[in-house]
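Reader: I am new to this structure and would like to learn how to read it step by step. Could you take me through its features with the general idea before each case?

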Amino acid sequence: MIALEGVTKRYAGQTVVDDVSISFGGEGVTALIGPNGAGKSTLFGLVGRLVRPDAGRVTVDGLDVATTSSQELARRLAVLRQDNHVAARLTVHDLVEFGRFPHSRGRLTVADREHIERAIAYLELDAYRGRFLDELSGGQRQRAFIAMVLAQDTEYVLLDEPLNNLDLRHMTEIMRLVREMADQLGKRVVTVLHDVNFAATYADRIVAMREGRVVADAPAREVMRPEVLAAVYDTTVDVREIDGRPVALYYG
Amino acid sequence: MLTDPAPTTSARRADRSPRAGLRRTGPAVRLAALGVLVLVLTAVYLVTDVPGSLSYALEKRSLTVLAMLVVATAVGVSTVVFHTITQNRVLTPSIMGFDAFYVLVSTVVVFTAGSAAFLTADPFVLWAVQVAVMVAFSVVLFTWLFGGKRRSIHLMLLVGIVLGTFFRSISEWMQRMLDPLDFQVLSDAFFASLTRPDETLLLLTAVLVALGVAAVVPLLRTLDVLTLGEPAAVGLGVDHRRVVLTLFTVVSVMVAASTALVGPVLFFGLIVANLAYSWAGSFRHVWTVPTAVALGVVCLLGGQLVLERALGFGGALSTVIDFAGGLFFLYLVLRKGAR
Amino acid sequence: MTALHPQPTSTSTPARPRRTGAGVLVGVLLAVLAVASLFIGVSDVSPVSLLSGDSDGTAAFLLVASRIPRTVALVLAGASLGIAGLIMQMLVRNKFVEPSTTGVTEFATLGMLGTTVVVPGMAVVGKTAVAAVFGLVGTWVFLRVVRAVPVRQLVLVPLVGIMLGGVVGAVTTFFAYRLDLLQSLMQWSQGSFAGVMQGRYEFVWIAGAMVVVAWVAADRFSVIGLGEEFATNLGLDFRRVVAVGMVVVAVITAAVLVTAGLIPFLGLVVPNVVSLLIGDNVRRAIPWVAVLGAVLVVACDIVARTVRFPYEIPLSVVVGVVGAVLFLWLLLRRRSRAH
């Protein structure tokens, strides 16, 4: 499990994550929702050791993130950040190879190659493996990055807004994939999502943040209630049942 | 499940995908070709157009070739590494004012220690002090500039150029405050020329550059990961802070060493590194770094041969590099918008 | 860029009296510095020695032949360089340009080298004229090149200009090297008013005249700063105003170059500081830019003369240090506000 104990993070006097204690990363998909500036990405940064906490402790499977070697953590936890701008011209294959870096430090073994092939096959990227990343569409590029994360072969997979800048079709595609990773490959996926309905449809558990604090943490269906969502987003949200699934309406 | 909207293009593009084997031999063959070129140029430079005794010429000229090799290594390695750490291909240590900074540090050392101390002190100690001070300061300065949030490359470039002017102006100010005669002595000691290198200094520099190379080689594969940027590299288990600090230190040492040997070469690294990226045809540092070094030797040796033997402009190499490098830089910035 | 935003009423009302006070203060400062500049030097020229009417009247002679010309030249050069920068910034619509960051100065230097080679005995008028024509070409080339900059990026424009200057400078250095004129080139590249005396500085008055031209055309330059479409909309002949601006910039650059040599960054920092103080209205800015430019140059010259008394260090070194610090501050301040 990934556990935070009393974690606080401030930027220039502003508290972005405020004394958060929570553990997540159980089986299935956990969605992290909340308005802009709620501290979701900072929380990911804390877990992914990009951000050092001002107070508190973050552990992954009992290993303190602050003291455990980065390489050790990278074998347990893969993080995909929001902006994946790569300056160098890399092919899809090159990128996926990087997923094996925590295991082999760049000297690929036979086992590494198998992992790479599996990840490429799983994301159906075989036809693109020689293409450069900047020649791909947004959805294809996102799939390439997810393939890298998959090749990393970790128990936990953290995705920070994987649907950013994707159109509807690719959003559904990626979310379906996330679901399959959890169901078929047994990954424990934690993902930041902006769209509540995607969270409700594909996640087992929803954690909601607001102003640096966790304000809701429950099975998806329980969070999908007007009063809960209204409290999280500070705006009126209507929830209707459509085909037996709760759907939030917030366009009015 | 996942369908591609344009299967025809994907099939065509897929052809470009080289098989793993091909991908490995491509850059190797190209690098080998460069190696042969370096050997040929060296041979031509050493044995042709000898005015007097061959053995004397060989002795003098092999020193020049060694100096070129050292400088090419220092500049090639440091520029490629710097490009990767700072995630761009236009900034170079020289453009960021590294070598101007070295001159400043040297001047400050002499200025505060006094020229008498300079003349009596062990030259090795003095040189070591200068390099050490330079490295310490530049690591602080450049981790400050690049360690924080990512900033616009263009802004950093401009800051670097202005810093360079600033450092140069202060150095000159201090040099003016020195006794002119002492200054002459000092500047002779600081800057040997490429064609007449100081033997002791050359050896010291060669050792230092070799140490730098030894530090970079184990990190070559980590450098590949760094091309993905800090978040991704951390996610893949790279101890980013430590690695970048190590690499910045190596870059500072190499620039200090090569500046001490032949003086500032502003655009040399830029040309060599960017040529290396296209020549190597791979982003992997195992190939780009040695290719940059080999190209550096080819440029220096070839340029010197052409200028000295064919055109008779012996001392103008750095000016020609500045000219070509400036045009090349403009081309890069204007064409690619300096990604 | 922040062009011509009308001052928000809330701040302008209380700011106005303070500005008048500041204006008086700066004026008095200039007067004090100018007087001080008259009486600083190796030879004893002081109010006492002048009044006592010492034996042969050396003091009075020095005052008229050397000190007054020097001070006048400093004031005129400082004022006009500031104006040249201001106009350049309006023409390019970019805050970070001035003749020495756009290649104009380097072109003018190339022109001077040309006259020295082709017509060695040419009078100073001719030299200035040729340098001005080259400066004009430089301005034109720069404006053309900047048009190719993909987006009008704030810091990319000066970057391109500096590189352009570097390329032209390399050509100049190459010819100077071939023709054994590096010594003269060094002299031009270091601005100093040490050689200014009666009969050898009068061309700065042309630069002074350009300040007046700029003042007369001030409103037009303000409008130009808003862009071609805007200017044409207001019934202004865009091309003609740009042409006038180019001539003003080129003539100022050439006149100062011929009289004293290169003085870096001045045209950049002074208008920027003024813009912070009172905004971007050219008519309102011109007197401020002129006076502050003069203050800065006179002050730096006093430092250059006294810091290593009885020797002088070049003015350009002092301005380089001060200007670079101010420029860096402007760059990094902008960044902290932009993010």
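**The core and the parts around it**

Author: A nonpolar core is a set of buried Ala, Val, Leu, Ile, Met, Phe, Trp, Tyr and Cys residues joined through C-beta atoms within 7 Å, where buried means that 20 or more other C-beta atoms, placed from the backbone, lie within 10 Å of a residue's own. In the largest such core, which has 281 residues, the members that touch the most others are A:Ala147, A:Leu158, C:Ile83, C:Ile87 and C:Ile252. Helix α13 of chain C (residues 282-306) gives this core its largest share, 16 residues, a helix being a DSSP run of H or I with at least four residues, numbered from the N terminus. This is a predicted model, in which local features need pLDDT of at least 70 and side-chain atom pairs count only at pLDDT 80 or more, while totals for chains, interfaces and linings use all residues. Residues are numbered from 1 along each chain as its sequence is written, and chains are lettered from A and ligands numbered from 1 in the order in which they are written.

Reader: Which residues is A:Leu158 in contact with, leaving aside its neighbours within four places in sequence?

Author: Two residues are in contact if their C-beta atoms, placed from the backbone, lie within 7 Å. By that rule A:Leu158 meets A:Phe44, A:Val47, A:Gly48, A:Leu77, A:Ala78, A:Val79, A:Leu80 and A:Val190.

Reader: How is chain A divided into domains?

Author: Domain bounds come from an automatic or database domain assignment, and here they give domain 1 (1-76 + 155-252) and domain 2 (83-153). The centres of these two domains of chain A, taken over C-alpha atoms, are separated by 24 Å. Where they touch, domain 1 of chain A supplies 11 residues and domain 2 of chain A supplies eight residues. On the domain 1 side, α2 (70-74) and α7 (168-185) of chain A each give at least two residues, and α7(A) gives the most, with four residues.

Reader: How many residues of chain B are in contact with chain C, and which element gives the largest share?

Author: 28 residues of chain B are in contact with 31 residues of chain C. On the chain B side, the elements that give two or more residues are α7 (153-177) and α15 (317-336) of chain B, and the largest share, 15 residues, comes from α7(B).

Reader: How much of chain A is buried?

Author: Buried residues are 48% of the 252 residues in chain A.

Definitions and conventions
A residue is buried if 20 or more other C-beta atoms lie within 10 Å of its own, exposed if 12 or fewer, and partly exposed in between; C-beta atoms are placed from the backbone.
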